[in-house]
Amino acid sequence: MSKVKYYYDSDSLSYRKIERKKRKTFAFISVFLLASFLFSFILFFIANLYIESPKEKALKRELQNAQLQFELLNKKMDEAEAVLANVADRDNNIYRVYFEANPIPDEQRRAGFGGINRYKDLEGFDNSKLIIESNKRLDILQKQIVVQSKSLDEITVLAEEKEKLLTAIPAIQPVSNEDLTRMASGYGMRSDPFTKVRKMHWGMDFTAPRGTPVYATGDGIVKRADAGSSGYGKHIRIDHGFGYVSLYAHLYKYNVKRNQKVKRGDLIGFVGSTGRSEAPHLHYEIFKDGTRINPINFYYGSLTAEEFSKLLEHASLENQSLD
């Protein structure tokens, strides 16, 4: 029950009831509501400014988690870049050098992306710089991996070719040391056994008994096994590829036929004295790109250092050839 207020009227010498005017009541209520609204607004503003809502807290946690993930991503990219740099260094300074391929320039390995702005869609956010830099590094890293992958593919092909080359080069002695009587004559100017005139001897003569096995000195294909070349008698020519051809002359008989594939060390024929020959021996020649070269440089696959030194000494003597 609301309280009733009175005032003392000196004219009537009595107490009179205080009547509140409606206008004042309305004004009082209006002021009260306005003050309440302002007070509420101030409280709301302060709360928004200093107190986080559950939704804001959740968004803040998500943002912090995203920043942490980007930092971890950058650390992983640091590690990946270090590993890739090590692979690239070995690729340029070991693999490509060994297989005689040109190194890949650093500018090509580390090139970025020019032209239009690839990262425009990532601009305008609070962490745009972090996101854009991370994406740039990732794109460059992916490009480096592609370049390195292609390089390793090339190295694989070169390795296969190198392996073929190493097995194809005539690299062993055509007659086993155990079967040799002696190394009769080497490559160079020698006395002709029939005319006694000094002339160029284009191969090496290995003295051995008739029927001594003769071996292919490298992988290849038999291109000739006949007596159709003047002076060589029964002879064999093997095409090893890469410009190399080996010739085995004055044979007693063949153990291969034309177009047959042979491997290094395969038995291809037997020592004889057919054609222009003074005694049983094997005349051996090597061609590179159609030019005769000294076979003495191609025995690293079957001789020790001591044996090679002794062979070199005998091959250097200007004696009489056997053909």
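Select Glu81 and Arg137: their side chains meet in a salt bridge at 2.9 Å, N to O. A salt bridge here is a side-chain nitrogen of Lys or Arg within 4 Å of a carboxyl oxygen of Asp or Glu. Glu81 lies in helix α2 (residues 54-98) and Arg137 in helix α4, so the pair ties together parts that are 56 residues apart in sequence. Helices are DSSP runs of H or I, at least four residues, numbered from the N terminus.

Before going on, note that this is a predicted model: local features need pLDDT of at least 70, side-chain atom pairs count only at pLDDT 80 or more, and totals for chains, interfaces and linings use all residues. Residues are numbered from 1 along each chain as its sequence is written, and side-chain values use heavy atoms, with hydrogens and water left out.

Glu81 is partly exposed, at 29% relative accessible area. Arg137 is partly exposed as well, at 22%. The cut-offs: buried is under 20% relative accessible area, exposed is over 50%, and partly exposed is in between (1.4 Å probe, protein chains only).

Asp78, Glu81 and Arg137 are linked in a network of salt bridges.

Next, select Arg96 and Glu154. Their side chains form a salt bridge at 3.1 Å, N to O. Arg96 lies in helix α2 and Glu154 in helix α4, so this pair ties together parts that are 58 residues apart in sequence. Is Arg96 buried or exposed? Arg96 is buried, with a relative accessible area of 4%. Glu154 is partly exposed, at 36%.

Move to Glu161 and Lys164. Here the side chains meet in a salt bridge at 3.8 Å, N to O. Both residues sit in helix α4, three residues apart, so about one helical turn separates them. Glu161 is partly exposed, with a relative accessible area of 36%. Lys164 is partly exposed too, at 48%.

How many salt bridges does the structure hold? It holds eight. In general, side chains of opposite charge can pair when their charged atoms come close.

Last stop: Gln148. This residue is in helix α4, which spans residues 128-168. Gln148 is buried, at 4% relative accessible area. Which residues is Gln148 in contact with, leaving aside its neighbours within four places in sequence? Select Leu84, Val87, Ala88, Asp91 and Arg109 to show them. Contact means heavy atoms within 4.5 Å.

Definitions and conventions:
Helices (H or I, at least four residues) and strands (E, at least two) are DSSP runs, numbered from the N terminus.
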